[in-house]
Amino acid sequence: MDATPRTGTRRIPPLSRTALLLAGAALLAGCGSTQVTGAGGGAPAPGRGTGGPTGATATGTATSTSAATATPTPTPEPTCSPEGVLLAAEEANAAMGLRVMAIRLTNCGTRPYKLNGRPDVRVLGAEREPLDVNVRRGSAGIATIEGFDAAPAPVTLQPQESAVFQLVWRNTVTSGTKDSGQYLDVAPLPGRPRVTVPAYLDLGTTGKLGVGVWTKPSTNRPTAPAYPQTQTQTQSRP
């Protein structure tokens, strides 16, 4: 008998060949069913829904369905006029239909500023149109207020010092059209450049406003050392 080993193709038992085929099919099935999450898209991660305010696009970019919140426009701060003064209305004191409001002038310039007497005041509406208001010197019979009808006296303001004058009116409503002032057009003294000051005056149907004299408070409140030169100023009118 010839003892030389035979050469040629090795035969695989049927059971082993079947096992190899099943292993290959399992490998291919596993590659095709892998889920991709994260930046590449695909199914959401466990515990993360897709219907909330913030979802994910096919490329994973976050999107928000909430509307942007509008930011309210802040009220502009008073600013220094080219003449070197700043005017601002203070909160009105109200009692039984009587209103008293102080208007403060601050010397925001670099030189002394002199006042004497009463300012020239006009009342403007929401569109800055002149209102038909009878502006009078002193309290004009509107009310009796201590010191309101004092005699004028010279006032000199050093830089950063302030002076005030007062307004008085009633918001009585009887017959006629109600007036509501939204601005004051103020010349610190007749003939000087005018400055527009936001101020709400609920004049009712009285149509009357009393104007006091300039006075220097016993204690001047400190103000900022400088102001932008943007306060509304108009030329004086004859």
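This is a predicted model: local features need pLDDT of at least 70, side-chain atom pairs count only at pLDDT 80 or more; totals for chains, interfaces and linings use all residues.
Leu98, Val100, Ala102, Arg104 and Thr106 point one way from strand E5, while Arg99, Met101, Ile103, Leu105 and Asn107 point the other way, and all of them are buried. In a regular strand the side chains alternate between the two faces of the sheet.

**Burial of E5**
- Strand E5 covers residues 98-107, and because 10 of its 10 residues are buried, this strand is largely enclosed by the rest of the structure.

**Pairing with E3**
- E3 and E5 run in the antiparallel sense and pair over five bridges, and within this pairing Ala88 has Arg104 of E5 as its bridge partner.
- Leu87 lies in strand E3, which spans residues 85-89, and this leucine counts as buried because its relative accessibility is 1%, where the cut-off for buried is under 20%.
- Although Leu87 and Val164 are 77 residues apart in sequence, their C-alpha atoms are 9.3 Å apart in space.

**Pairing with E4**
- Strand E4, made of residues 93-95, pairs with E5 in the antiparallel sense over three bridges, and Asn93 stands opposite Val100 in E5.
- E4 and E5 form a hairpin with two residues between them, and in the turn Met96 has a positive phi of about 50°.

**Pairing with E10**
- E5 also pairs in the antiparallel sense with strand E10, residues 162-170, over nine bridges.
- Val100, which stands opposite Asn93, has Val168 as its bridge partner in E10.

Terms used
Residues are numbered from 1 along each chain as its sequence is written. Side-chain values use heavy atoms; hydrogens and water are left out. Helices (H or I, at least four residues) and strands (E, at least two) are DSSP runs, numbered from the N terminus. Buried means under 20% relative accessible area, exposed over 50%, partly exposed in between (1.4 Å probe, protein chains only). Two strands pair if DSSP finds at least two bridges between them.
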